[in-house]
Each structure stands twice: as C-alpha cells, then as structure tokens.
Amino acid sequence: MATTVPSFLLRCCGTLGKLMQNSGYILGTCSHFRGFHQSAHVLALRDPGQHRRIREQAQQHVNKWHRDLGEWTDKNEMLYPPMNPEDGIRPAEIYHGRAKIRYPTKKMIHVSCLVLNMNIDEAISKLDYINNKGAKIIREVLLEAQELAVKEHNVEFKSNLHVATSFTSRHSQIKFPIFRAAGRPPAIGHCRFANYYVMLREGPAPLPEPKITALDSALEYVESLRRRTIRDGL
C-alpha cells in the first residue's frame, strides 16, 4: 500500500526528500525508494554517452571529401609551348589529390613523405602493408591518379610513373565540448580535416640522393666559414 515518505527517510535524504514531499511524491516502501536509484542507474546505462555521440557525429564527415583542389587540379588543363626535337618529349604530369579528409595532418604527413620519389607500383605495394587509415586513403588516391593518367593524359604504360610530389596540408577543424564530471570545466575536442596533394610524372623514379656523412658535413661547414666576407669593410 502506497504511503508518503517517512520522516526518518526525510532526515536521511535531506533536500531530495523534502522536494519529494513538497511535490506530493508517493513511495511504497524503502525497497521502492532503493528502486528509485536503480532506475536512475538504468537510465544512465541506456544513455549512449557523449563518446558515442561524438563518434557518430564525426562519422558523418567521413564521406564528405571531394577532389576539387583549386589551382592544384587546374594545372592538368595547362598547355605548354612546343619543345625542340633535340630536347625530347615533355613527360606527362598528373595533378591529383583529395580535399577535406577526416584525418589529422600530423598523422598523414608521415605516409605522404614515405611514397615520395617512388615508383607508383612500389608505392602502392608498400601502402598495402601499412595498417593505417592515412595509408589506405593515399593508396586510393594513387590508384585514381594512375587511372586518370591512362585515360586523360595519354600515358602508354601505367607502371611507367613515379610520385614526384606528395604532401599534405591542413584544411579545417570543428571544435566541440567534452563534458567532464565533478563540476570541472569541459575540455575542447577537435575534429580535424586534411588535404592531400600528389603529382605523378611519367618516367622512372630518380635515384636516391647519397647520404651525407658527418665528415662531409664538417668539411662543408669549414668551407662555409672560409667563404665568409666582411660586409662594408675596407
């Protein structure tokens, strides 16, 4: 049988009990009152939580990238003057990329520098073994650029290409609050976006530059000191 809140329960609960009594809240027994807390706990479990909401909101921006990079992709329409037969044939250059990628620039820059000055087939095969979101995105962009070279730039052999330029830049970011407990102020989270630029050039990849040893660096430094001059001197 339903009764009002007992007086000893009001003394134990303090303000919560007074509010329940003033509002005419009716409870059955103490076990029902324990169920009040249990229902609040169950309600909290049903709430997806802010981390899940943040992840779902960030997932909405995954497929919102595009290929319009402005002046970079407009270079594909550039017309060069004819060359002398003695100078040979100008190699084809394919400018491609992807804009507004939901991935931080700091994580993507390492993979973009990895494939620089590398044959297209070798770069794609290396990216297959990297379990990384940035590596998967760059691999897709390289495959798109390779197909674009054959269809629109009259490249005869799609394997006769190398990555001449590969870099990333920051596009934008979305800030959102991350609420914390115990009355602490919320932290600021960031959903970052990046742009990836790549330029494929027809022909074999250039040879790697020889590594400079410590002795070579020391000799170059001493030679630079000997080349010093006094400005505005007699």
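Glutamate 144 counts as partly exposed, at 21% relative accessibility, where buried denotes under 20% relative accessible area, exposed over 50%, and partly exposed the range in between (1.4 Å probe, protein chains only). In this predicted model, local features were required to have a pLDDT of at least 70 and side-chain atom pairs were counted only at pLDDT 80 or more, whereas totals for chains, interfaces and linings use all residues. Residues are numbered from 1 along each chain as its sequence is written, and side-chain values use heavy atoms, with hydrogens and water left out.

The side chain of glutamate 144 meets that of arginine 67 in a salt bridge, at 3.1 Å from N to O, a salt bridge being a side-chain nitrogen of Lys or Arg within 4 Å of a carboxyl oxygen of Asp or Glu. This pair links distant parts of the chain, with arginine 67 in the loop between H4 and helix H5 (71-74) and glutamate 144 in helix H8, 77 residues apart; helices (H or I, at least four residues) and strands (E, at least two) are DSSP runs, numbered from the N terminus. Arginine 67 is itself partly exposed, with a relative accessible area of 41%. Both residues belong to a network of salt bridges that also includes Arg98 and Glu140. The whole structure contains eight salt bridges. One of them joins arginine 201 to glutamate 93, with the closest N and O atoms 3.2 Å apart; because arginine 201 lies in strand E3 and glutamate 93 in strand E1, the pair ties together parts that are 108 residues apart in sequence. By contrast, the salt bridge between arginine 52 and glutamate 56 (3.2 Å, N to O) lies within helix H4 (residues 50-59), where the two residues are four apart and therefore separated by about one helical turn.

The protein comprises nine helices and three strands, which from the N terminus on follow the order α-α-α-α-α-β-α-α-α-β-β-α. Two strands are taken to pair if DSSP finds at least two bridges between them. Strand E3 (residues 187-202) runs antiparallel to strand E1 (residues 93-101), to which it is joined by seven bridges, and histidine 96 has valine 198 in E3 as its bridge partner. Strand E2 (residues 161-178) is likewise antiparallel to E3, with 16 bridges between them. Within E2, threonine 168 stands opposite tyrosine 196 of E3. Threonine 168 is buried, with a relative accessible area of 13%, and its contacts (heavy atoms within 4.5 Å) beyond four places in sequence are with Thr105, Met108, Ile109, Ser112, Asn195 and Tyr196.

In soluble globular proteins, nonpolar side chains tend to be buried together. A nonpolar core is here a set of buried Ala, Val, Leu, Ile, Met, Phe, Trp, Tyr and Cys residues joined through side-chain atoms within 4.5 Å. The largest such core has 27 residues, of which Ile94, Met108, Leu142, Tyr196 and Leu200 touch the most other members. Two or more residues each are given to this core by E1, helix H6 (105-114), helix H7 (120-127), helix H8 (133-152), E2 and E3, and the largest share, eight residues, comes from H8. Apart from this core lies another, of seven residues, including Leu69, Trp72, Tyr95 and Met199. Isoleucine 94 touches, among others beyond four places in sequence, Ala145, Leu148, Ala149, Val198 and Leu200.

Of the 234 residues of the protein, 26% count as buried. Tyr221, Val222 and Leu225 form a nonpolar surface patch with about 270 Å² of accessible area together, patches being made of residues with over 30% relative accessible area and no salt bridge, in which like charges are joined within 9 Å and nonpolar side chains (Val, Leu, Ile, Met, Phe, Trp, Tyr) within 5 Å. Tyrosine 221, located in helix H9 (residues 214-226), counts as exposed at 54% relative accessibility.

Key: Areas by Shrake-Rupley, 256 points an atom, 1.4 Å probe, with all protein chains shown as cover.
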